[in-house]
Amino acid sequence: MASLSLPRVLQLKKNSLDAEREHFEKFQTLAIQKAINSIETPVKEKHVRSTIIGTFQEQSAITYWMVAIRLPIQDNRIVAWKFCHVTHKLLREGHPACLDDSQRHIGMIENLGKLWVHLREGYGRLVHLYCTLLVCKLKFHARNPRFPGNMQLTADELDAIAENDVNNYFQLCVELFDYMDDLLNLQAAVFDSLGNARANSMTASGQCRLAALIPCAQDASHMYDCNVRLLFRLHAALPPDTLAGHRERFRQQFKKLSSFYKHASSLQYYRNLLTLPVLPSNPPNFLLQSDFGTYVTPVVTIPEPPPDEFDGVGSLIDTSDTISQATTPEQLEALEPRATPSPQPDPVLERDRLIDHLQNELRRMRSEVSQLVQERNTMLGSMREHCTRLESQLNATKTELEEEKQKSEAVLAQTPEIKQKLVETEEKAKVTDEKFQKLKGAYTQLREEHITLIRQKAEVDKMTSTLRAAAAQHESAKMLLQQQLNDRMKDVELLQQSTSSSEEIEAYKNEIANLRSDLENSRQKEAELEALKSSMETLEIEHKTATTEQCEKLAVVSSELKEATESMQKLKQENEDKEKELSRLKEQLTGLRQKTGDEYKKAVEEKEAALKQISELTQQHQQEKQMVVARLEHAEESRLTAECELQDLLQNNTALESDCAALKIQLEEARMELKKQSSRLVSCAGEAALQVTEDALAALEHSSAQDANKLAAERAAKAFDLLERHTEVEGNEEVVAKSAIIASHSTAQLAAYVTEVSNVSTDIEIADKLTGSCREMLTATRQCVSAVRGGGADAAACAAARAAAAGAARAAAAADRAANGAQSVDDELADMDRAIEDAAAQIEDLLAASRAGDSGVKLEVNGKILDACTTLMGAVKVLVQDARKLQNELGDPKTRQKMYRKNPQWSEGLISAAKAVVFAAKLLVTSADEAVGAGGAGRAEGVSAAAHEVAGSTAQLVAASRARAPPRAPALARLTAASRAVAAATGAVVAAVRAASALVRDQEALDTSALTLTATRRLEMESKVRSLELESALDAERARLAALRKRHYHLAQLEENGNMTNGKE
């Protein structure tokens, strides 16, 4: 308890400036609350004036916004409307810094307008339009800071702001047009709402709405003047066609502004509050610069209030008490005025006149009452109809919501089926793709064979034509020789008959022999030609065989392509069906998107993803189908060409087949080698991942986060060491890949740990150092891994990465140890909970032992004390559990840990309170044990003191827990109730101790009936000595208690200032 009152005792006194500031804030708060109230009456000018004067005294609007945002502007429409009105007045007439201070609240004003726009009747639409106007005004002043809040400028100031630049004039004119549009929309809505609400300018509700148009009228006159001047300057510098839109927009605003001023001037409420100008019947002609000379600036004037305002009610009461002081008749006669005698009126006529007047007033009041009753009944009927309509709409909405929920559940039930169909479609697409790739390979092989055969056919054609020409020459030579032989034979016969000379016969014989030799030669050549013909026939037969084989292959390819086309068509049909089904589901889910929660959103996202995948598959299948159709056409053409041209190309077919077989064998060997390499790489990556996973699991089960990150640093160092030793990748692929994977994963884990420690560190220098070391480590790791990807590890880069990882791990571990030097709040609360449970169990054991071993008065005394202590410990246990629940409501453990580190004084106070509760609980158990000790020698007063200590420590825990808790948290209410229960249980313990002490004293009362005189005197002297000893001991104990409290206060103050931690500097 003493430690709780320490800050109040040591608190410094407030100086005069603090008191003045507090008085100023109270006065401003009162004025703002009176100006912005929930009564449907106009805002009082004196309260607004006080608020404006306060902004000049403070030279800012901080106090105004601090009070205004706490008002119920989101709950009460009148308060929201008056808030907009007062804010507009403050921006116009307040200190110039009000515009800058209000910029940060633009979002709040926009949200307020969006909130009240749902109330489409009455003040809801008005508040929305007024918030839009305020946001437009604040944004305009943010873009043009040289404009004052009241928008009043001279011509020179306007030129200086625009810097005599046509572009600035143009932009400024557009922004003023937007500002004027929002203002005119607000005034039109206000006048429309008067008729709908059956109010006029002389009713309180009408005046509450009309009062806000006074600053709007003032802003409108100044903006109108600026627009006229800007348009004349624009028309002097730009062609008229460029500014046609500006002129049309100004003309429309001119009509609305004229109507606004005329309508406002006709209202009785405005006649004494402001004087509105009368605009001309036609807008200025900007095409004629001479028209600017006749232009008159419209001015809205507001009459000054009387200098001495007084309270009308107070002025009607005479507080001088003059008559009460005039007690004598002479004084009463002196107070009566001396009046001249005048003729007295006839009393009968005066009475009749008074009766008539009263009757007229009575009739008028009855008519007004009847009218009010009728209006009330009408409003009640309309409200009942509105309530009935709203109830019907609510029921319809509920039924629609139930239907939508059922539909959503049905859609969610269909989602797994759609996913399964999508998976099946993907598998079919994969199978089709594989078939297509096979067909593509076969087609490529056939095409290459076809090209080779065509080239061979050309060579064979050349040889065939040469052989045919030679055969024709031999045939002609043979015929010629045969003819010559016949002629010579005829000549021989003639010579034999004519008995010519022997010489001629010999000559003819020689010629015949020559001819026969030529004939033999020709026969040999004919035999050669026959052999060539037979070989050609053999070639033709073999070619036909090859052609038939090629035709069969083409037929097989065509059938496979047809099957692939049919499968593609089936897949396309299935995709179209699924696309239709998904489009239907998407249309159903589109209506549910705004009414459902996270489950509907997830379903929609999954279905959209499925639809997107199916559309992509459909497009891909369509493209593949087109490609397959084109390839089929090309294959058909190639097949027809091959049937016509592949008749003479079989000679090199066997050689090509042998080459293809050899190539296939080589390709198969290369494929097997690639599979082995890929399997080795996959197994290597799997081993690395398994090792990392096993290390993480072991660290999770058998070590803390610091140990796990230390292990990650060791793994990274070992992996970098292996990479440094194996600089050549060739021959060491598995070791290099495994080391690179482990190094990358370990450095990433270490970087996450360093980043987390840096983010939660309260020392900026340490956080910057940790960030730099983490960046250096990741950069070195990236260089090392990039070198490995290039084909060889860089030893220097690996060594640098290893050193950077070790340095980052050491720095993070040191920072984490410095941040987690003290025990965390959650651990301390958990220890406190366990200590309270142990103390309660010990007290229950003491109670059971006392009931088993004691009897009589001692049993009664011990039972009362221990029962009260048990009740107190039960209440403390509930309080401690509620305190832990309250801390759990602050967020998850990581969020709470960050909060404890950001607020070290509060966390240390919470830990100190938890330790105090544990100490008090142990003290209570010890005191109770002593009180019920052997022979009743213990002191019951120790239990009372321990109970008070328990109450004080729990109160300290409640105060520390309440410091950072949300005001409306349910656990905070339960904690407060538990604190009250602890206080009540403490009172019960103190009462039980007192009752037990009284019972013991009654039992030990001194029996003086058998004492003698000497014995009585001796006992009396002993009693006096005992009382004096007790008094001196009491004084000494009180002095010791005062010294201990003084030391306690001093140490607590030092620890609160941060100069000492746990009693040590």
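This is a predicted model: local features need pLDDT of at least 70, side-chain atom pairs count only at pLDDT 80 or more; totals for chains, interfaces and linings use all residues.
**Entry 1**

I looked up helix H28 (residues 904–931) and helix H29 (residues 941–963), which pack at an angle of about 160 degrees. H28 and H29 are therefore roughly antiparallel to each other. Their axes lie 8 Å apart, and H28 passes H29 in a left-handed crossing. I then checked the residues of the contact of H28 with H29 and found 19 nonpolar, eight polar and one charged.

**Entry 2: helices H3 and H5**

How far apart are the axes of H3 and H5? For helix H3 (residues 45–58) and helix H5 (residues 77–93) I noted 10 Å, with a packing angle of about 45 degrees. That angle makes H3 oblique to H5. The crossing of H3 past H5 is right-handed.

**Entry 3: helix H13**

Next I turned to helix H13, residues 244–265. At 1.5 Å a residue, its 22 residues should span 32 Å, and the end C-alpha atoms are 32 Å apart, which agrees.

Which residues of H13 are buried? I listed His 246, Phe 250, Gln 253, Phe 254, Leu 257, Ser 258, Phe 260, Tyr 261 and Ala 264.

A reminder to myself: an α-helix has 3.6 residues a turn, so residues three or four places apart point the same way.

Note on methods:
Residues are numbered from 1 along each chain as its sequence is written. Side-chain values use heavy atoms; hydrogens and water are left out. Helices (H or I, at least four residues) and strands (E, at least two) are DSSP runs, numbered from the N terminus. The expected span of a helix is 1.5 Å times one less than its number of residues. Buried means under 20% relative accessible area, exposed over 50%, partly exposed in between (1.4 Å probe, protein chains only). Axes are lines fitted to C-alpha atoms, for helices over the stretch in contact, and angles run from 0 to 180 degrees between N-to-C directions. Angles under 35 degrees count as roughly parallel, over 145 as roughly antiparallel, 65 to 115 as roughly perpendicular and the rest as oblique. A crossing is left-handed if the near helix is turned anticlockwise from the far one by less than a right angle, and right-handed if clockwise. Ala, Val, Leu, Ile, Met, Phe, Trp, Tyr, Cys and Pro count as nonpolar, Asp, Glu, Lys and Arg as charged, and the others, Gly among them, as polar.
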